[in-house]
Protein chains: 2
Amino acid sequence: MTDLEQYLQTYFDFTQTDLAKVAAFFKPEVIRKGEFYLKIGKPCQKLSFLQSGMLRVFVDLEDREVTQWISTKGYFITDLAGLVFSKPSRWNIQALTDTAVYTIDKTDYDSLSKYIPRWPETEKLFIAHCFSTLEDRVFSFLSKTAEERYNMLFESNRELFNQVPLQYIASMLGMTPETFSRIRRKQLN
Amino acid sequence: MTDLEQYLQTYFDFTQTDLAKVAAFFKPEVIRKGEFYLKIGKPCQKLSFLQSGMLRVFVDLEDREVTQWISTKGYFITDLAGLVFSKPSRWNIQALTDTAVYTIDKTDYDSLSKYIPRWPETEKLFIAHCFSTLEDRVFSFLSKTAEERYNMLFESNRELFNQVPLQYIASMLGMTPETFSRIRRKQLN
DNA sequence: GAAGCCACTTGATCTATATCAAGAAATCAA
DNA sequence: TTGATTTCTTGATATAGATCAAGTGGCTTC
């Protein structure tokens with residue numbers, strides 16, 4: 001069983017048969033460090049499962065970049081609004097390291113329910129789960145300090161802190177690299 | 001055509017027949033000012049369409065309340081994670097004024113696809129839309145000042161500012177009532 | 001292994017926003 | 001109406017976090 005199948009299984013509770021059917025639509029692909037998976041304004045006609053490496057979701061403002069998310073091993077990556085509504089992407093997605101993904105294109109993605117009767121239900125659960133995660137994230141900005149947000153992320157995703165330029169994590173947590181660095185030192189003591 | 005049907009139509013692009021079918025599942029209900037639509041820890045076994053009035057989504061912390069959202073005329077209200085995953089609700093939802101809603105209970109909600117073949121697709125689009133809105137909200141915390149967030153909300157939902165205790169709007173924007181008040185004065189000049 | 005480039009750290013200072021404390025205004029209750 | 005709450009404003013002050021400006025220490029590249 002591939003990583004992809006394993007992941008789909010834990011996540012979606014498919015039968016072995018459905019698992020294989022779904023997985024067959026995903027094609028392996030490598031994005032080299034620095035290459036873009038997606039650029040702002042382009043249509044997003046694919047969904048990928050991240051097998052190894054890291055992708056950063058970000059936006060360029062006049063005076064700085066804002067990192068919205070960093071996707072690591074075991075996550076899916078796409079611009080959901082782009083995929084679902086065929087809108088131009090609102091995010092850049094770029095490889096921080098050489099990154100191996102399995103990709104399904106929109107056409108195949110949209111056809112999944114023909115082959116997997118339970119797909120629409122599964123897909124709903126998945127998107128609802130993503131929604132719920134974002135609700136928590138919004139709540140963290142409403143109710144937590146920079147230090148508390150740092151600690152939450154550190155507890156839940158320690159590996160990130162060794163593998164990614166820290167300035168990107170800082171941005172994703174809504175603070176400057178300097179603040180991040182000071183909090184980090186404080187927590188190490 | 002009821003408000004509900006009208007709203008469902010603009011939102012979901014149903015046929016007239018499907019529209020009537022769906023709408024028939026929703027029962028009118030009134031929540032008096034101060035009453036709770038939902039309490040933290042309780043299961044959320046319903047979804048409602050807000051016909052008039054206002055509901056506030058919030059959490060009690062030790063030393064303060066945090067308002068996560070205020071739902072007004074024309075919005076849906078539920079705890080999505082509760083509805084979809086049958087988890088205990090993570091939010092309190094309380095009426096700020098006497099509020100008229102149309103409510104569908106979970107059992108009926110889950111059965112919709114039996115009557116409306118296009119329901120799963122529609123439901124997916126709806127949840128994906130909610131997700132996308134939250135993405136924008138997260139981004140606003142990563143990239144905007146309190147004043148910028150104030151202005152964004154003011155432009156997009158001016159009525160809210162006349163109808164709701166301002167402290168709740170302040171909380172929902174991630175600032176104190178004092179800061180909100182000062183920004184407000186500044187913008188009025 | 002020197003030169004250059006990043007990423008990170010650290011200190012000094014600044015600023016947006018929070019906190020604290022009163023008062024004014026609005027709303028509610030009887 | 002009148003008093004009692006609650007909400008909003010305003011000022012004074014405090015502070016978390018930003019900004020600015022040098023460093024330092026790795027990596028990379030030739």
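Started with two helices of chain A: the axes of H6 (residues 146–156) and H9 (residues 177–188) come within 10 Å and cross at roughly 65 degrees. Axes here are lines fitted to C-alpha atoms, for helices over the stretch in contact, with angles from 0 to 180 degrees between N-to-C directions. Helices are DSSP runs (H or I, at least four residues) and strands likewise (E, at least two), numbered from the N terminus.

This is a predicted model, so I kept in mind that local features need pLDDT of at least 70 and side-chain atom pairs pLDDT 80 or more, while totals for chains, interfaces and linings use all residues. Residues are numbered from 1 along each chain, chains are lettered from A and ligands numbered from 1 as written, and side-chain values use heavy atoms without hydrogens or water.

I put H6(A) and H9(A) down as roughly perpendicular (65 to 115 degrees). On the H6(A) side I found A:Ala146, A:Glu147, A:Tyr150 and A:Asn151, meeting A:Phe180, A:Ile183, A:Arg184, A:Lys186 and A:Gln187 of H9(A); contact means heavy atoms within 4.5 Å.

Next I looked at chain B, where 4 strands make an open antiparallel sheet in the order S2-S7-S4-S5. Pairing takes at least two DSSP bridges. S2 (36–38) and S5 (65–72) of chain B each have a single partner strand, so one side of each has no neighbour in the sheet. Neighbouring strands are turned by 30 degrees on average, direction ignored.

I checked S2(B) against S7(B) (residues 92–95): 2 bridges, antiparallel. B:Leu38 sits opposite B:Ile93 there.

Last, I traced H5 (residues 119–143) of chain A across S4 (54–60) and S5 of chain B, at about 125 degrees to S5(B).

Methods: Parallel < 35°, antiparallel > 145°, perpendicular 65-115°, else oblique.
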